[in-house]
Amino acid sequence: MAKPPPITNRIRELREQHGPMSQSALAEAIGVTRQTVIAIELGKYSPSLESAFRIARVFDLGVEDVFGWEA
Amino acid sequence: MSPAATFRNTPFREKTAWAMAAILTGGAAFYLNMVISASRALGQTAPPIVGFVIGYVVVIVIASSVVMAALALATPREANAPADEREKIIGDKAGNWSGYVMVMPALGALWHYAVNMDGNMLFHLVFLSLMLGQIAEYVFQIVLYRRGG
């Protein structure tokens, strides 16, 4: 099994603060499938830079407020 | 999780990969069984019957189309959506890895031909290599979808 990428995110927490916003709604807003949002949230998939920016914009935050690098 | 919920939560492309892997595995098993039975009856490697191979390919194509259409009707929105970035990466990786799976038995088939000069066996092994490569592509897709990407 491949080691998960050392990128952390606060997407689940941010979704809950915004509504809560469903995974499907976020997926639609950034143009990916719900399964991709799930994979990103679980840290199994690192989104492209474009998707990372799109996610951050949905929450009106900067990319670094949503994503982090595991120390 | 209920089977209906599992079906709902599975991405469209993973569902199609499951369906195609099942159809092709069944098809490959049928073909292999036919060749082995015919070869036993003849006492040597059965020659390829072009009509049978063409008919076989047509049946596989029709079966795939029917299953794909049924899946698309069940989830039309997902079926119409283009592959997203993760799905494209999964498709690329699976296609790349399956190439190796296809090449290995094909090389074995060439080696077998060079040693035994059995053109009939060469045909069947190359045909099976093509099927194996395609099955492997769908299996890799399923594994990658399950793993997250």
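This is a predicted model: local features need pLDDT of at least 70, side-chain atom pairs count only at pLDDT 80 or more; totals for chains, interfaces and linings use all residues.

Biologist: Why is Glu41(A) called buried?

Modeller: Its relative accessible area is 15%. Buried means under 20%, so Glu41(A), at 15%, gets that label.

Biologist: What does Glu41(A) touch, leaving out residues up to four places away in sequence?

Modeller: Asn9(A), Ile11(A), Arg12(A), Arg15(A) and Gln23(A).

Biologist: On to the two chains. How do you know that chain A and chain B are in contact?

Modeller: Contact means heavy atoms within 4.5 Å. By that rule, 15 residues of chain A are in contact with twelve residues of chain B. The area buried between the chains comes to about 1100 Å², with carbon and sulfur atoms giving 45% of it. Of the part that chain A buries against chain B, Gln35(A), Lys44(A) and Tyr45(A) supply 44%, more than any other three residues.

Biologist: What makes the pair Arg77(B) and Glu28(A) a salt bridge?

Modeller: Their side chains meet at 2.7 Å, N to O. The cut-off is within 4 Å, for a side-chain nitrogen of Lys or Arg and a carboxyl oxygen of Asp or Glu, so this Arg and Glu pair qualifies. The count between chain A and chain B is one salt bridge.

Biologist: And which helix gives the largest share of the side of chain A that touches chain B?

Modeller: Helix α3 of chain A, residues 34-41, with four residues. That side of chain A divides into six nonpolar, six polar and three charged residues.

Notes: Residues are numbered from 1 along each chain as its sequence is written. Chains are lettered from A and ligands numbered from 1 in the order in which they are written. Side-chain values use heavy atoms; hydrogens and water are left out. Buried area is the accessible area (1.4 Å probe) that two parts lose on being put together, summed over both. Helices (H or I, at least four residues) and strands (E, at least two) are DSSP runs, numbered from the N terminus. Ala, Val, Leu, Ile, Met, Phe, Trp, Tyr, Cys and Pro count as nonpolar, Asp, Glu, Lys and Arg as charged, and the others, Gly among them, as polar. Buried means under 20% relative accessible area, exposed over 50%, partly exposed in between (1.4 Å probe, protein chains only).
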